[in-house]
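Please look through the sequence and the structure shown below, and then read the report that follows with both in view.

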Amino acid sequence: MRKLRWMTDCGFWDVDVSTPWTIDGVARPAHGYPLVMGMSRGSKLSRSRQVDFLQRFMAMPFVPSFSKTLSFQRSLSLPLPSLLRDSWFATFLGQFNVQKFVSSMGKNLARKESDASSFWSNLSEKKLYALNLCSEWLLTPEDLLLLSLEANGGMMPPRKKAVFHHKFSNHNLTLETASPALFVDHLGNYWDVPLTMSMDLASAATSSGFRYHLYANQTSGSPKLAEGLPQSPVPSSLLPGLSAKCDFSFKKKFNIWRSQASKKKMAQPYDIFLSNPHVSASALVGTVMAASHGERALREYCSSGFHARRENFSFLADVYASVCFSAQHGNFQKQFLDLTRFSSRVDIPSSVKLLSSAYRLTYDFIKGKSFKMESVQDICPSASVSFQQQIAGPFSFRIDAEVSIDPRRRRGVVLNVDDPVFAIEYALQLLGSAKAVAWYSLKQREFMVEVRFFET
C-alpha cells in the first residue's frame with residue numbers, strides 16, 4: 001500500500017499511497033499528528049495510464065488486484081482526433097470482481113441452479129463492476145489537467161476528482177478538489193470526506209540545499225468510515241475546517257564511498273539509476289508551522305511542539321530532523337545477483353517532544369525515581385528500512401517496512417516491525433529507468449500491479 005520508493009528523503013511530506021481499494025488506485029494519508037505535511041507527489045502515472053501501458057507493452061490483457069476480493073482491470077482508450085492525441089489522453093478503466101462472481105456461482109451450484117440463465121444473471125449484477133472515466137489534458141508543456149469520475153456498482157457514491165499540475169522553473173504547484181476524497185489513517189482504516197480542496201506548492205527536489213513547502217487544505221462535511229474498525233476515532237485532519245502549513249528545511253548529502261571501477265562494456269544496466277555501487281548518507285533539519293480554523297482546530301491536540309489555541313483557531317510549530325543511509329553493491333548489469341541495495345531512514349518528528357522527554361528522564365534519574373515508559377518511548381525515533389536484491393535478469397525482490405521500539409513491553413522483543421510490504425520488480429531495460437511492480441501489503445492484505453518511471 002506504500003509508494004514503494006527508497007528512503008532517501010525525509011518522511012514528513014506525505015505522498016499519495018497506492019491502494020487497490022478504489023479503482024483509481026490512490027488514497028491520501030490522514031494523520032492525527034497535525035504537523036505532517038500533505039499531498040506532495042512524485043513522478044507517477046495515473047492508474048488509467050498504468051493499465052494502458054501494461055496492456056500495450058507487457059502483454060497483460062487483464063491487470064489483477066486484490067483488496068479482500070480478487071479483481072481484474074481492463075483499460076479502453078477513447079478514440080480522439082489525430083491533432084489532439086499528443087496532448088489529450090482519455091480512457092475508460094473497468095474492473096470486474098472475479099471472486100464475488102465465482103462465489104455467486106458456487107452458491108448457485110449448491111442450490112443446483114447452474115443453468116445459463118443463472119450464469120447470465122450473476123454476470124449482470126452491478127456489484128461486480130466498477131468504472132472510471134479519466135481524461136488528461138496537457139494544456140502546455142508545463143500544465144496538466146486531470147479529470148476523473150468513478151462509479152461503483154456496490155452502491156457507493158460516485159467519486160469525482162480534478163487535479164491541476166503546473167511546473168515552474170524551481171518549484172511545482174498542485175491544485176486538487178475531490179468529492180468524496182478517500183483517505184487512509186495509520187491503522188489502515190479508509191475514510192470518505194465529502195469535499196476537499198487542496199493547494200500544494202513545493203520547491204524542486206535537490207540532493208542538497210534549502211527547500212520549502214507550502215500547503216493549504218479545506219474540508220467540508222462529516223467524514224464517514226468507508227472500511228475499517230467501526231469504533232475507530234475520526235482523524236482530526238479530516239474534520240471540517242481550513243488548515244495551512246509551511247515548512248523550511250535544509251538537506252545535506254554525503255558520499256562516503258562510490259565505486260570507480262569501470263562498468264561492463266556492451267551491456268546496458270537494467271536501471272541506469274541503480275548502476276553505481278556506493279555508500280552515502282544524508283541529513284535534514286527543518287521547521288514546520290501549522291494553523292487551523294474550524295472544527296479541526298477544536299479537536300486537534302498535540303503533546304509536542306509549541307502550540308496555542310483560541311476559540312476555533314489553533315497554531316502549532318516544531319523542529320524536526322531526519323538521517324538517511326544508503327548502500328548498494330553491484331551494477332545491475334549481470335544476469336544473477338548483481339544488485340544488493342539497502343536503505344534506511346531515522347526520523348525525529350518533534351525536537352520539542354524529544355527534549356522535554358529527555359529532561360523528564362534526566363530529572364527522574366537525578367531524583368532516583370523510576371522512569372516512565374512513555375518518556376522512554378518518546379526519545380526513541382522511528383525508522384524505515386528497505387532492502388532490494390536482484391534475483392535473475394530484470395527481476396528483483398524488495399521489502400519495505402517501518403521499525404519502532406516499544407519499551408513498554410515487559411516480555412519478548414521490544415522491536416516492532418509495522419506494515420511490511422513485499423514486492424517483485426521487473427526492470428524495463430529499454431526505457432532506461434522504469435519498472436513494473438507487483439507488491440503485497442501484509443498489514444492491509446492488499447495486492448497490486450503498478451508501473452513506475454524514474455523512481456529509485
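## The second largest cavity

The second largest cavity has a volume of about 170 Å³, where a cavity is a set of points, on a 1 Å grid over the protein atoms alone, at which a 1.4 Å probe fits but cannot get out. Grid points are joined across faces, edges and corners, and a volume is the space filled by probe spheres set on the points. The lining residues, meaning those with an atom within 4 Å of a point, number 18 here, and the closest to the centre are Asp24, Val26, Lys161, Pro180 and Leu182.

By class, this lining has 6 nonpolar, 3 polar and 9 charged residues; Ala, Val, Leu, Ile, Met, Phe, Trp, Tyr, Cys and Pro count as nonpolar, Asp, Glu, Lys and Arg as charged, and the others, Gly among them, as polar. Strands are DSSP runs (E, at least two residues) numbered from the N terminus, and among those that each supply at least two residues of the lining of the second largest cavity are strand 2 (26-29) and strand 10 (181-184).

## How the model was treated

This is a predicted model, in which local features need pLDDT of at least 70 and side-chain atom pairs count only at pLDDT 80 or more, while totals for chains, interfaces and linings use all residues. Residues are numbered from 1 along each chain as its sequence is written, and side-chain values use heavy atoms, with hydrogens and water left out.

## The second largest pocket

Of the 22 residues that line the second largest pocket, Trp21, Thr69, Asn97, Lys100 and Asn152 lie nearest its centre. The largest share of this lining, 3 residues, comes from strand 5, and by class the lining has 8 nonpolar, 9 polar and 5 charged residues.

Two strands pair if DSSP finds at least two bridges between them. Strand 10 and strand 11 run antiparallel and are joined by 4 bridges, with Phe183 having Trp191 as its bridge partner. Their hairpin has 5 residues between the strands, and in it Gly188 takes a positive phi near 90°. Strand 11 also pairs with strand 14 (residues 224-227), in the antiparallel sense over 3 bridges, and there Tyr190 stands opposite Glu227.

Definitions and conventions
On a 1 Å grid over the protein atoms alone, a cavity is a set of points where a 1.4 Å probe fits but cannot get out, and a pocket is an open set with protein on both sides within 12 Å along at least five of seven lines; lining residues have an atom within 4 Å of a point.
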